[in-house]
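Please open the model in your viewer and keep the selection panel at hand.

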Amino acid sequence: MTLREFLSHRLGPMVGGLCCFVVAALFLLATGTRPGVVALLTLGFLLIFVGRYTVEFLRLRAQLSELEAILEGLEKKYLLMECIPTPKDIYQRKLFQLTRRAGKSMLEAVSQAQAAQRAYRDYIEEWVHEIKTPITAAQLLCRDLEGDKRRKLTQELAQVEAHVERALFYARAESPERDCVIRQNVLEAIVSQAIQTHRSLLIQNGVRVETQGLDCTVYTDEKWTAFILGQLLQNAARYRGETPVIHITARPLGQKVALTVADNGLGIPAHELPRVCERGFTGSNGRRRGGSTGMGLYLCRKLAAFLSLDLQITSQEGEGTQVTLTFPATAGAEE
């Protein structure tokens with residue numbers, strides 16, 4: 001609280017008090033009180049007046065500073081009313097009790113919403129695991145088919161599986177600490193896992209993958225990082241050029257390692273590049289090609305942030321897109 005704010009807050013009582021004293025001083029002069037006595041009374045009044053409001057200003061400012069310190073120390077800010085001391089003034093105490101009752105009602109509503117969200121997330125995770133069984137069975141049945149029909153059905157099942165996997169990671173992203181394990185990994189193993197998972201999609205779209213310098217050790221979650229790379233591979237295959245090639249390279253940067261996934265596809269228009277990681281944003285290429293959900297890069301950004309990975313995207317329309325993930329390469333990241 002600044003002095004100007006305090007004066008604005010207490011302006012009415014201060015002006016009222018001064019007016020009352022002026023009237024009293026004029027009354028004393030009119031009744032024959034000597035001016036010297038009135039002057040002494042005025043000086044005493046001003047000292048008391050200034051002292052009283054100075055003490056009140058300092059007290060209120062100290063109280064607000066204490067409340068701000070308590071708020072800053074809370075991880076869950078909405079618990080403030082449960083932590084602050086009860087006021088001594090009767091009006092403030094009644095107001096405090098009403099505010100605390102309202103806060104408890106809000107906490108109950110938040111708890112119910114969180115419980116409902118957890119239940120929904122658990123259901124989605126269970127559903128994803130259950131739906132994988134018929135997808136796998138359908139993929140096995142596809143082996144008995146021949147020719148173009150087998151290829152098309154396999155491709156559609158791969159798309160279904162990709163959407164299901166994306167739904168699973170979207171649900172897990174709300175509480176990433178439950179499923180994430182940071183430990184030492186070799187990039188080559190993670191990249192190989194992502195390529196193997198999307199091998200059919202890459203082959204069907206004629207995409208060639210070239211890797212270089214992946215024998216680097218990083219600290220990350222293998223499963224989550226493979227998912228991020230898988231989304232990048234899917235995008236490269238979906239928005240491919242005439243002779244699609246994906247270059248995956250890694251290079252040490254002191255205590256970090258930069259992994260770059262570069263393609264020679266359609267590229268991203270410059271005015272759309274700042275928005276490609278927004279949830280639900282599909283862009284002109286996505287609308288033109290169809291099948292885009294606008295969730296892939298959004299999940300990549302969200303998961304990368306939790307894994308402490310720096311994700312940077314550069315692109316040139318008509319030439320291709322380059323995504324760089326910067327990994328911690330020191331043991332401190334594991335903590």
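Angles under 35 degrees count as roughly parallel, over 145 as roughly antiparallel, 65 to 115 as roughly perpendicular and the rest as oblique. This is a predicted model, in which local features need pLDDT of at least 70 and side-chain atom pairs count only at pLDDT 80 or more, while totals for chains, interfaces and linings use all residues. Residues are numbered from 1 along each chain as its sequence is written, and side-chain values use heavy atoms, with hydrogens and water left out.

Select helix α8 (residues 222-238) together with helix α10 (residues 296-306), whose axes come within 10 Å and cross at roughly 155°; the two are therefore roughly antiparallel to each other. Now show the side of α8 that includes W224, F227 and I228, which are among the residues meeting α10, where the partners include L297, L299 and C300 (contact means heavy atoms within 4.5 Å). By class, this contact of α8 with α10 has 10 nonpolar, three polar and no charged residues.

Finally, select T260, which lies in strand β5 (residues 256-263). Is T260 buried or exposed? T260 is buried, with a relative accessible area of 7%, where buried means under 20% and exposed over 50%, with partly exposed in between (1.4 Å probe, protein chains only). Leaving out residues up to four places away in sequence, T260 touches H247, I248, T249, R251, Q322, V323 and T324.

How values were computed:
Axes fitted to C-alpha atoms, helices over the stretch in contact; angles between N-to-C directions. Helix = DSSP H or I, 4+ residues; strand = E, 2+ residues; numbered from the N terminus. Nonpolar A, V, L, I, M, F, W, Y, C, P; charged D, E, K, R; others polar.
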